[in-house]
Amino acid sequence: MLSHNTISLIKSLHQKKKRIESALFLAEGDKVVTEMLSSEFTVRHVYALKEWLQENGRLIPRNVESSGVTQAELERISTLVSAPPVLAVVEIPKVRIEHEEFLIGFRLVLDGIRDPGNMGTIIRTADWFGIQRIVASDDSAEFWNPKVVQSSMGSLTRVKVITASLPDFFERVNEASRKSNVDAPAVYGAFMEGQSLYEETFAPSGLIVFGNESNGIRTATEAFVDRKISIPSFAIKGDSMPESLNVAVAAALILGELKRQSI
C-alpha cells in the first residue's frame with residue numbers, strides 16, 4: 001500500500017515547477033516504462049500492478065526499486081484518464097549543449113512549439129527518421145511534461161533534447177563552425193510560403209526549423225534561416241481551403257522527403 005508521502009510526491013510531479021525542483025518526471029504505460037528501463041535514463045522507482053511485475057519483473061534492474069500497487073492506487077497517481085498498469089519515476093538527465101554536434105547530419109530546431117502532444121509526436125517522428133538531436137526555444141512545451149513523454153512513446157530515450165535561446169544557439173553553432181573550420185550548417189525554415197518541399201534540393205546536412213502552431217517562426221529566428229520551404233496544398237481550389245497543416249504532420253512530411261532524397 002502506498003504511503004501518503006509517496007502519493008503526494010508522485011502527484012507533485014504532475015506540475016512543471018515540482019519536476020524542475022526535484023529533477024524528476026513520470027513515465028507511464030508499458031511501452032514508455034520498458035523503454036526507460038532499457039535506456040541510459042536513471043529510473044528511481046517502478047509502481048505497477050502485481051500482474052505486470054510478474055510478467056515483466058525481469059526487465060527491472062536490481063538497483064531499481066519496484067512496488068506492487070492496486071488499480072485504485074494507480075488511478076490516484078497517474079496523469080492519464082485511464083491509468084496504465086505501470087508508472088515509473090525517472091530522473092531528468094543533465095544535458096549540456098555541444099554545439100559541434102549540430103554541424104553534422106540533420107537536426108531539428110523548434111521555435112515556440114506549445115502543444116505537448118505536438119512536441120511528443122515531433123520527437124517520435126524525429127526518432128523514426130533517424131534525427132538524433134532537437135533544440136527547442138525556452139518557451140516551448142517542456143520535454144518532461146507527462147503528455148510529451150507519453151506521446152513520444154519512448155523516443156526520448158534515443159533523441160537528445162535540449163532547450164536554449166534560439167538566437168544565441170544559432171550564434172554559437174556558427175562560432176563552432178568557424179572554430180572547427182567547417183561550413184556552417186544550412187538552415188531550412190518551414191513557412192506557409194517558400195520553395196516547394198518537392199522542388200527543394202537539400203544539402204547533405206543542416207538544421208530544420210519549425211515554428212509555433214499559430215504564429216510560425218518568429219522574426220528573431222527567421223533571421224538565421226537560409227532557405228524557406230513550404231508544403232504545397234493539393235486541395236481542389238474553391239471558396240473554402242483547408243487550414244495550414246498541423247506542425248507535427250508538417251515535420252513528418254518534410255523529414256520523409258529529406259530521407260527520400262538522401263537514399
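The structure is a predicted model, in which local features require pLDDT of at least 70, side-chain atom pairs count only at pLDDT 80 or more, and totals for chains, interfaces and linings use all residues. Residues are numbered from 1 along each chain as its sequence is written, and side-chain values use heavy atoms, with hydrogens and water left out.

The chain contains ten helices and ten strands, these being DSSP runs numbered from the N terminus (helices: H or I, at least four residues; strands: E, at least two). Its C-alpha trace spans about 60 × 55 × 35 Å along the principal axes. Of the 263 residues, 48% count as buried, a term that denotes under 20% relative accessible area (1.4 Å probe, protein chains only). Where contacts (heavy atoms within 4.5 Å) link residues at least 6 apart in sequence, 74% join residues at least 24 apart.

Ser 140 is located in the loop that connects β6 (133–137) with α7 (146–152). This residue is buried, because its relative accessible area is 7%. With residues up to four places away in sequence not counted, Ser 140 touches Leu 110, Asp 111, Gly 112, Ile 113 and Met 119. For Gly 112, the backbone nitrogen is reached by the side chain of Ser 140 at 3.3 Å.

Notes. Buried means under 20% relative accessible area, exposed over 50%, partly exposed in between (1.4 Å probe, protein chains only). A polar contact is a pair of N or O atoms within 3.5 Å; within protein, one must be able to donate a hydrogen and the other to accept it, and residues adjacent in sequence count only if both atoms are side-chain atoms.
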